[in-house]
Amino acid sequence: MAPTLVDLTHQVTTAMPVYPGDPAVLLEPALTTATAGVNVLAVHLGSQSGTHVDAPYHVDVTWPTLDGLPLERFTGPAVVADLRGLEPRAEVTAEQLAPALELAGEGTVLLLATGWARHWGTDAYLAHPSLTARAAEAIVAAGVRTVGVDALSVDPTPDPGPGDPAVAALLADLTDEHDQPAAEEPTLAAHRVLLGAPGGGVIAENLTDLRPLLAAQEAGRAVEVSLFPLRLVAADGAPVRAVARLG
């Protein structure tokens, strides 16, 4: 069977989904053939927009930036962990990853197939499964330094609350200020374990549908993944064109 390339990248569009609080994405013409003889697009986005990778610097200013990591961190043979069927905000345990980790090791890209890419562009996308700290530790102990997921994050994404300001105001009026819990900051425990691995780790997030890769793996075909980012200087991460090659 001839090798097949599979695009694992979400399209970059104006107002596309982003992590709560991240910069909004805006694409607009900077030059046009009508006025300048050429078309040039102005692109406004964050380092974590769309399908992207995180560098260790994302969670610790003393850890390596994106340009300080070897290119080998962004490509390699892949093992896909089948985590489909989990409930919203479910925790992914080390035990659930054990079958995949038996096949993984140094130089392997571990892909977490939660099936959550199907919720892209909806509120449900924020309620994705996430890794426990112990599961992240098991990944690092297996020698894996690159992890990808078809969801917004490997850690839980905080609930941003009601999107309608009127609903938010109504709820605030109905709740006594002394009864309101303090806002919880995300701990990013899995990020810290994976990115803080010896030599520096990489996390790819917002991958698209991983089912073709699971099918290829089950059929015994080799799966390789490339996650090369934009060459941003001193960056915490960058968008990527994620592509899988099925042998």
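The legends below describe close-up views of a predicted model.

Local features are given where pLDDT is at least 70 and side-chain atom pairs count only at pLDDT 80 or more, whereas totals for chains, interfaces and linings use all residues. Residues are numbered from 1 along each chain as its sequence is written, and side-chain values use heavy atoms, with hydrogens and water left out.

View 1. Helix H3 spans residues 133-141; helices (H or I, at least four residues) and strands (E, at least two) are DSSP runs, numbered from the N terminus. An α-helix has 3.6 residues a turn, so residues three or four places apart point the same way. Arg 134 and Ala 141, on the other side of H3, are exposed. Just after H3, Gly 143 has a positive phi of about 95°.

View 2. Elements covering the buried residues of H3 include strand E6 (91-92), helix H2 (94-101) and helix H5 (189-195); contact means heavy atoms within 4.5 Å. Thr 132 sits in the loop between E8 and H3 and is buried, at 17% relative accessible area. Apart from neighbours within four places in sequence, Thr 132 contacts Glu 91, Val 92 and Thr 93.

**View 3. The largest nonpolar core.** A nonpolar core is a set of buried Ala, Val, Leu, Ile, Met, Phe, Trp, Tyr and Cys residues joined through side-chain atoms within 4.5 Å. Among the 32 residues of the largest one, Leu 97, Leu 110, Leu 112, Leu 131, Ile 139 and Leu 194 touch the most other members. Helix H3 gives the largest share of this core, four residues. Not counting residues up to four places away in sequence, the residues touched by Leu 112 include Ala 81, Leu 97, Leu 131 and Leu 210.

**View 4. A nonpolar surface patch.** Val 12, Leu 41, Val 43 and Leu 45 form this patch, with about 320 Å² of accessible area together (Shrake-Rupley method, 1.4 Å probe; for residues, only the protein chains shown count as cover). Patch residues have over 30% relative accessible area and no salt bridge, with like charges joined within 9 Å and nonpolar side chains (Val, Leu, Ile, Met, Phe, Trp, Tyr) within 5 Å; a salt bridge is a side-chain nitrogen of Lys or Arg within 4 Å of a carboxyl oxygen of Asp or Glu. Leu 45 lies in the loop between strand E3 (40-44) and strand E4 (52-54) and is partly exposed, at 34%.

Key
Buried < 20%, exposed > 50% of the residue type's maximum accessible area, 1.4 Å probe, protein only.
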